[in-house]
Amino acid sequence: LYLMLRRRGIEMRREGKIPLLLGSADWQVRSICELKNRLADLYVIPYNDFDVFDRITQKGNFYALCEELGMPYPKTWTFDCSGGAQRIDPVGLMYPAIAKPSNSACYDTMAFDGKEKIYTVSSRDDLQRVFDLLQRVGYDKDLVVQEFIPGPDDSLCSLTTFSTSDGDVRVVS
């Protein structure tokens with residue numbers, strides 16, 4: 001990826017263009033952030049440095065930030081999949097519930113039978129099955145478990161903006 005981006009960036013600069021480098025999936029943005037310092041001489045890259053990106057895109061950290069800022073979010077539990085076998089039983093969790101990997105950029109690159117973007121779990125045993133599955137396939141980040149909020153999610157929208165340090169919006173996606 002680096003060599004291809006470097007080669008293309010050089011070509012575009014020779015043509016007098018100033019390329020903007022964007023990713024359309026979490027894993028792509030993660031890769032761009034990892035390469036940002038090596039490509040900044042060729043591209044405009046409107047992403048945080050990797051350490052900041054990695055910290056804020058892990059769902060567990062995101063919800064802790066929501067808590068700190070007083071922003072509402074579904075009741076949330078996290079469980080470390082990197083540890084050994086363990087029984088998980090979130091106190092106060094009502095079923096059905098939602099379970100999802102905290103680090104989607106890492107999870108997106110994995111391939112295995114039974115993989116889902118999010119898991120709707122109907123019982124404690126079902127939640128344990130998902131946790132065990134993730135451990136078995138080598139996912140070693142947190143599993144986020146949240147209260148289920150009923151209703152369709154087909155009208156959810158995402159607006160991403162890239163701004164200067166002065167707050168001037170430069171790109172909207």
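1. Let me start with the contacts (heavy atoms within 4.5 Å). Among those in the protein chain that link residues at least 6 apart in sequence, 63% join residues at least 24 apart. Please keep in mind that this is a predicted model, in which local features need pLDDT of at least 70 and side-chain atom pairs count only at pLDDT 80 or more, while totals for chains, interfaces and linings use all residues. Residues are numbered from 1 along each chain as its sequence is written, and side-chain values use heavy atoms, with hydrogens and water left out.

2. Now the overall layout. The protein chain holds six helices and six strands; these are DSSP runs numbered from the N terminus, helices being H or I with at least four residues and strands E with at least two. Their pattern along the sequence is α-α-α-α-β-β-α-β-α-β-β-β. The C-alpha trace spans about 60 × 35 × 30 Å along its principal axes. Of the 173 residues, 34% are buried, where buried means under 20% relative accessible area, exposed over 50%, and partly exposed in between (1.4 Å probe, protein chains only).

3. Four strands form an open sheet in the order E1-E4-E2-E3, with antiparallel pairing; two strands pair if DSSP finds at least two bridges between them. E1 and E3 (119-121) are at the edges with a single partner strand each, so one side of each has no neighbour in the sheet. On average, neighbouring strands are turned by 25 degrees against each other, direction ignored. Axes here are lines fitted to C-alpha atoms, for helices over the stretch in contact, and angles run from 0 to 180 degrees between N-to-C directions.

4. Next, the pairings one by one. E1 and E4 run antiparallel and are joined by five bridges, with aspartate 80 standing opposite aspartate 142 in E4. E2 and E4 (residues 142-147) also pair in the antiparallel sense, over five bridges. Within E4, valine 144 is the bridge partner of lysine 100, and glutamine 146 that of isoleucine 98. Three bridges join E2 to the antiparallel E3, where tyrosine 119 partners alanine 99.

5. A cis peptide bond is worth checking by eye. Most peptide bonds are trans. The bond from tyrosine 95 to proline 96 is cis, with omega near 5 degrees. Proline 96 belongs to the loop between strand E1 (76-80) and strand E2 (97-101).

6. On to the salt bridges, of which the structure holds nine; each is a side-chain nitrogen of Lys or Arg within 4 Å of a carboxyl oxygen of Asp or Glu. One of them joins arginine 30 and aspartate 54 (2.8 Å, N to O). Arginine 30 sits in helix H2 and aspartate 54 in helix H3 (residues 50-57), so this pair ties together parts 24 residues apart in sequence. Arginine 30 counts as buried because its relative accessibility is 16%. Another bridge links lysine 36 and aspartate 49 (3.6 Å, N to O). Lysine 36 is buried at 17%, while aspartate 49 is partly exposed at 39%.

7. Arginine 129 is partly exposed, with a relative accessible area of 43%, whereas aspartate 126 counts as buried at 16%.

8. Finally, the loop between H1 and H2, which includes glycine 23. Glycine 23 is partly exposed at 21% relative accessibility. Leaving aside neighbours within four places in sequence, glycine 23 is in contact with Gln28, Val29, Ile32 and Tyr47. Leucine 20 is found in the loop between helix H1 (2-14) and helix H2 (26-39), and counts as partly exposed because its relative accessibility is 39%.
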